[in-house]
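Today I am looking up charged side chains, and I will jot down what turns up as I go.

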Amino acid sequence: MKLYNLFISLFLSASFLSASPTEAQEWPTQENLQARQTFSDNKFGIFLHWGIYSMFAQGEWYMNNLNLDNKEYAKAAAGFYPARFNAKEWVSAFKEAGARYICFTTRHHDGFSMFDTQYSDYDIVDATPFKRDILRELTDECKRQGLKIHFYYSHIDWTRDDYPAGRTGRETGKDPAKADWNSYFNFMNNQLTELITNYDPDAIWFDGYWDQPDTFNWHLEEQYSMIHKLKPECLIGNNHHVTPFAGEDIQIFERDLPGENTAGLSGQSISRLPLETCQTMNGMWGYKIADQNYKSVETLIQYLVSAAGKGANLLLNIGPQPDGELPSAALERLKGMGEWLKVYGETIYGTTAGDVPARPWGVTTRKGDKQYVHILSLQDNSLFLPVTSKVKKAVVFDTRKPVSFEQTKDGLLLKLGEIPQSTDYIIELTMK
Ligand code: GLC
């Protein structure tokens, strides 16, 4: 092993310690740790909620929210023909936006599979006139363009009788007498095996754990070790809204930055795993025609920066239209973010949280001997930072103009002068 590799390995094992599948082999393996590091470095991903629910244009919970009979709902599949879907255009737009990975809904709570599965006919190839394997096209394109691809996979099913209905999907016409956990569990594991062996994803992103009572046994350890046996570097995340379980490689937060809990789903403590926050661009995950309330480019950039300042990735959602196009409002946001990241990406990608924890004025990120002070909102002309390690140099990131500073044993006083109007005014500190 080269000295450099040895150093990287030691660093990785120290930074992402975690419990692991009950394997005799050493866990996490080197390739798993490397995948976690790459994930963490990538910082920005695009979440895609797309399925036959998009046709109703009311978001992905439509079947449950209106208590629709699943057999009536399923008829939408025969009309699903997203004529304008073009994987190359999508992935190019994500790449231009500065995203380094995407996470795609392979099967959401409605139970419809967006890939060619041999374990059900309720899928994009067998049940729609479109007949194209959307997941295959997207995955291939991501690999071609160098983006990582993550698969969202719901543990819930509002259509299959064998999934024992939990808190949701109680009025969707399932036959409770046919609930059969073993059969459902086998079905999921068969599909997951198919997904990993046929499509080679970089991560599986689970959702729906919260549908069952706390006492319910999801047999996650078995499922996780099956996945890791098939592909050790395939990361596992679970949007269960609690502290990570053994075998998970990343920790997910929904609609909130780690440590914040405005949406009520993120009271859990923060682990040492790589972190990811998923957030909507408007207010919905799946396409909702009435929701045009898109966050501004500035808000989204500041959210990405704030996530990075907490050491977390941002997984930013888009709900593609039923015709296969991305909403133009979303494309415009992507463009704005890409333009910003082209200039300032260096202060985001590959960073960890900086020495100063998030503050009302902004956050800090760190990479090597550099710390980036991201000022998102500040009324004053100077800024005190409790940075005690020695600072050698401070410059405005944009202009490279020196910033004068004083450092005492208590910290660092940056004398900024008038701060120009900016989405994120960045001061670069070079540490000794
Ligand atoms: C929630 C919702 C789901 C969405 C997910 C994304 O768990 O049930 O519709 O996919 O959040 O984070």
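I began with Lys143, which is partly exposed because its relative accessibility is 37%; the scale I use calls a residue buried under 20% relative accessible area, exposed over 50% and partly exposed in between, with a 1.4 Å probe and protein chains only. Before going on, I noted that this is a predicted model, where local features need pLDDT of at least 70, side-chain atom pairs count only at pLDDT 80 or more, and totals for chains, interfaces and linings use all residues. Residues are numbered from 1 along each chain as its sequence is written, and side-chain values use heavy atoms, with hydrogens and water left out.

Entry: the partner of Lys143. I found a salt bridge from Lys143 to Asp200, with the closest N and O atoms 3.3 Å apart; the term means a side-chain nitrogen of Lys or Arg within 4 Å of a carboxyl oxygen of Asp or Glu. This pair links distant parts of the chain, 57 residues apart: Lys143 is in helix H7 (residues 134-145) and Asp200 in the loop between H8 and strand S4 (203-207). Helices (H or I, at least four residues) and strands (E, at least two) are DSSP runs, numbered from the N terminus. I logged Asp200 as partly exposed because its relative accessible area is 34%. I also noted a network of salt bridges that links Lys143, Asp200 and Lys231.

Entry: the whole structure. How many salt bridges does a search of the whole structure find? I got 17.

Entry: Arg36. I saw that Arg36 pairs with Asp249 in a salt bridge, at 2.9 Å between the closest N and O atoms. Arg36 sits in helix H2 (residues 30-42) and Asp249 in the loop between strand S5 (235-239) and strand S6 (251-254), so the pair ties together parts 213 residues apart in sequence. Are these two buried or exposed? I have both Arg36 and Asp249 down as buried.

Entry: Arg366. I found its side chain meeting that of Asp355 in a salt bridge (3.0 Å, N to O). Arg366 lies in strand S10 (residues 362-367) and Asp355 in the loop between strand S9 (352-353) and S10, so this pair ties together parts 11 residues apart in sequence. I marked Arg366 as partly exposed because its relative accessibility is 24%, and Asp355 likewise as partly exposed at 37%.

Entry: Lys432. I placed Lys432 in the segment after strand S16 (425-431), and it counts as exposed because its relative accessibility is 68%.
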